Amino acid sequence: QVQLVESGGGLVQPGGSLRLSCAASGSILSIYVMGWYRQAPGKQRTLVATITSGGTTIYADSVKGRFTISRDNAKNTVYLQMNSLKPEDTAVYYCNADLIPYGSNSRHWWGQGTQVTVSS
């Protein structure tokens with residue numbers, strides 16, 4: 001079984017910063033891509049950023065220049081540094097991993113989500 005555990009969410013003021021972490025654990029052969037998605041109330045879940053094991057990154061246009069995704073392969077952990085936060089960034093942020101596990105055919109795994117609220 002694979003587990004993804006997010007941390008670092010919370011309440012911040014507009015213009016503030018927050019750093020999210022997601023650690024993958026369990027019987028994992030390799031992790032190809034890790035990323036962050038978010039879902040606001042009444043909205044579809046959308047991609048925020050992804051990073052490959054080699055460090056190649058992709059960002060949604062709405063966060064480009066403000067958010068930075070990074071990865072520690074030795075710790076199977078992905079981070080999302082969020083700067084210049086706006087109220088429209090408010091959402092539940094979900095960690096996702098495209099990986100090869102032992103004992104399962106499932107490649108895509110999700111964390112439980114962490115709430116980020118940007119409000120004055």
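A salt bridge here is a side-chain nitrogen of Lys or Arg within 4 Å of a carboxyl oxygen of Asp or Glu. The side chains of aspartate 61 and lysine 64 meet this criterion, with N to O at 3.4 Å. Both partners are on the outside by the accessibility criterion (buried is under 20% relative accessible area, exposed over 50%, partly exposed in between, with a 1.4 Å probe and protein chains only). Aspartate 61 is exposed at 67%. Lysine 64 is exposed at 52%.

The model is predicted: local features need pLDDT of at least 70, side-chain atom pairs count only at pLDDT 80 or more, and totals for chains, interfaces and linings use all residues. Residues are numbered from 1 along each chain as its sequence is written, and side-chain values use heavy atoms, with hydrogens and water left out.

Start with the strands. Strands are DSSP runs of E with at least two residues, numbered from the N terminus. Two of them pair if DSSP finds at least two bridges between them. Four strands make an open sheet, in the order S1-S3-S8-S7, with antiparallel pairing. Strand S1 (2-7) and strand S7 (67-72) are the edges; each has a single partner strand, so one side of each lacks a neighbour in the sheet. Neighbouring strands in this sheet are turned by 15° against each other on average, direction ignored. That angle comes from axes, which are lines fitted to C-alpha atoms; angles run from 0 to 180 degrees between N-to-C directions.

Now the pairings inside the sheet. S1 and S3 run antiparallel and are joined by six bridges. Valine 5 stands opposite alanine 23 in S3. Strand S3 (residues 18-26) also pairs with strand S8 (residues 77-82), antiparallel, over six bridges. There, leucine 18 faces methionine 82 in S8.

In a regular strand the side chains alternate between the two faces of the sheet. Val2, Leu4 and Glu6 point to one face and are buried.

Two hairpins come next. S4 and S5 pair antiparallel over six bridges. Arginine 38 stands opposite threonine 46 in S5. The S4-S5 hairpin has six residues between its strands, and glycine 42 in the turn has a positive phi of about 75°. S5 then runs antiparallel to S6, with three bridges. Isoleucine 51 has threonine 57 in S6 as its bridge partner. The S5-S6 hairpin has four residues between its strands, and glycine 55 in the turn has a positive phi of about 100°.

The largest one has 31 residues; Trp36, Leu80, Met82 and Tyr93 touch the most other members. S9 gives the most, with five.

Back to the charges. The whole structure holds four salt bridges. Arginine 66 bonds to aspartate 89, with the closest N and O atoms 2.8 Å apart. This pair links distant parts of the chain: arginine 66 is in the loop between strand S6 (57-59) and S7, and aspartate 89 is in the loop between S8 and S9, 23 residues apart. Arginine 66 and aspartate 89 are buried. Aspartate 98 and arginine 107 form another salt bridge, at 3.1 Å from N to O. Aspartate 98 is buried at 14%, while arginine 107 is partly exposed at 36%. Salt bridges with shared partners join Arg38, Arg66 and Asp89 into one network.

Last, the rings. Rings of Phe, Tyr and Trp (its six-membered ring) pair if their centres lie within 6.5 Å; planes under 30 degrees apart count as stacked, over 60 as edge-to-face and the rest as tilted. The structure holds one such pair. The rings of tyrosine 37 and tryptophan 110 have centres 5.0 Å apart and planes at 65°, so the pair is edge-to-face. Tyrosine 37 lies in strand S4 and tryptophan 110 in strand S10 (residues 108-110), so the pair ties together parts 73 residues apart in sequence. Tryptophan 110 is partly exposed, at 37%.

Arginine 45 lies over the face of tyrosine 94, at 3.7 Å from the ring centre. Arginine 45 also lies over the face of tryptophan 110, at 4.8 Å.

Key
Core = buried A, V, L, I, M, F, W, Y, C linked by side-chain atoms within 4.5 Å. Lys NZ or Arg CZ within 6 Å of the ring centre and 35° of its normal.
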